[in-house]
Amino acid sequence: MSDPHSDPVCSAKSVENVKRLPYGDCMKWSHRVLLLLCVFFLTQNCALAAESYTIAVIPKGTTHEFWKSINAGAVKAERELNQHGTKVQIIWKGPLREDDRDQQIQVIENFISRRVSGIVVAPLDSKALIRPIATAMRAKIPVVIMDSGLKSDNYVSFVATDNFKGGQLAAEHLGKLLGGKGKVILLRYAVGSASTEEREAGFLDVLQKRFPEIKLLSSDQHAGPTRETGYQAAQNLFSRYGREVDGMFAPCEPATVGVILALRNIGRGGGDVKLVGFDAGAQSVEALRRKDVQGLVQQNPVKMGYLSVMTLVDHLRGKKVPKRIDTGVTVATPENMDSPEIRELLNPPLDQYLK
């Protein structure tokens, strides 16, 4: 670099020196300024281009209220990023039903073909989704896993509830409700769903270690992906155990609602059978107030969707992000459901973000 004191253009008498410069030197000086301006504008344009991202957010399903809350969190992140000068477009797309693995895989493959900037996905199956997610990572499309785990570590970050802890909290609450004695049923969700399998494992862990006098009547039946399939599974269980069961755990919202309806159908709602469910929806929150449900283990899906998008954008910007982010878990009861922190989890402000 030249010495500014020896350069007539940069000296303290720059104006006078420029006037005295020969024509050829003036042309060189003009070219230098023009070149610097071009470099400046090209750099700015490249920076702007680098700060523009298209992010696919792929839930397990699109009908249940839990996923609408995830969507609201993703939109919240999108708005904040755009307000602060980072152009982000969220594309929300997933299978209609939470048992359609093939459709979720197809959605991922379509986004890979579209060359989106990154993908946030809640895997329907912890094994079946390994290959398409690996394909995205190989294509330099980073993936953040949310909600439900993958039997692989080939992703950028995992943003989710500590589901094992959630199941433990459910067992502790149910055990206290029953006074440490009685007969209970675990109605599982679906084979391959890592999040609910961890909840079920956490529930059984505490039940066996802390409540040896509680007998497990059934733990091998699955509710399936909808409230209707959950209702049918619960009816089948009650046809055998309806008179002797004292408590139940349902590890997700559709299973919880199915059990609520089945308990009412056999005349054992209102707390006659102690029910602990998972997640909030309009029907389950109403049932909590009516005391048809004695506890709902609560995640924070708005926070989960929000942090998933923010974490992916941080990664795209070149920042180092945590491999695992815990979004928290607690138990809502008829007694605490009107406290400010629990009320917001039970009734997230979706209207602010979804139209």
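I started with Gln104, which is buried, with a relative accessible area of 0%. The model is predicted, so I read every value here as computed from that model. I then looked up where Gln104 sits: it is found in helix H4, residues 101-113. Next I listed what Gln104 touches, leaving out residues up to four places away in sequence. The list runs Ile58, Pro59, Lys60, Pro95, Val121, Ala122, Pro123, Leu124 and Leu129.

**Whole chain**

I counted the secondary structure and got twelve helices and twelve strands. The chain has 355 residues, and 51% of them count as buried.

Which strands form the open sheet, and in what order? I traced six, in the order E2-E1-E3-E4-E5-E11, with parallel pairing. E2 and E11 are the edge strands, and each pairs on one side only. Neighbouring strands are turned against each other by 20 degrees on average, direction ignored. A reminder to myself: strands of a sheet pair through backbone hydrogen bonds, either parallel or antiparallel.

I began at the E2 end. E1 covers residues 52-58 and E2 covers residues 87-92. Six bridges join these parallel strands. Within this pair, I found Ala56 opposite Ile91 in E2. Helix H3, residues 65-83, belongs with them: E1, H3 and E2 make a right-handed β-α-β unit.

Then I moved to E5, residues 157-160. On one side, E4 (residues 143-146) pairs with E5 in the parallel sense over three bridges. Here Val144 has Ser157 of E5 as its bridge partner. E5 also pairs with E11 (residues 324-326), again in the parallel sense over three bridges. In that pairing Val159 stands opposite Ile325 of E11.

Which way do the side chains of E5 point? Ser157 and Val159 point one way, Phe158 and Ala160 the other way. In a regular strand the side chains alternate between the two faces of the sheet. Are these four residues of E5 buried or exposed? I found all of them buried.

I also noted a helix over the sheet strands. H5, residues 130-138, lies across E3 (118-121) and E4. H5 runs at about 150 degrees to E4.

**H3 against H11**

Back to H3, this time with helix H11, residues 301-316. Their axes come within 6 Å and cross at roughly 40 degrees. Angles under 35 degrees would count as roughly parallel, and H3 and H11 are therefore oblique to each other. I recorded the crossing of H3 and H11 as right-handed.

Which residues meet between the two helices? From H3 I listed Phe66, Ser69, Ile70, Gly73, Ala74, Lys76, Ala77, Glu80 and Leu81. They meet Pro301, Val302, Met304, Gly305, Tyr306, Val309, Met310 and Val313 in H11.

How values were computed
Residues numbered from 1 in each chain as written. Predicted model: local features only at pLDDT ≥ 70, side-chain atom pairs only at ≥ 80, totals over all residues. Heavy atoms only, no water. Buried < 20%, exposed > 50% of the residue type's maximum accessible area, 1.4 Å probe, protein only. Pairing = 2+ DSSP bridges. Right-handed = clockwise from strand over helix to strand, strands pointing away. Axes fitted to C-alpha atoms, helices over the stretch in contact; angles between N-to-C directions. Parallel < 35°, antiparallel > 145°, perpendicular 65-115°, else oblique. Left-handed = near helix turned anticlockwise from the far one by under 90°. Contact = heavy atoms within 4.5 Å.
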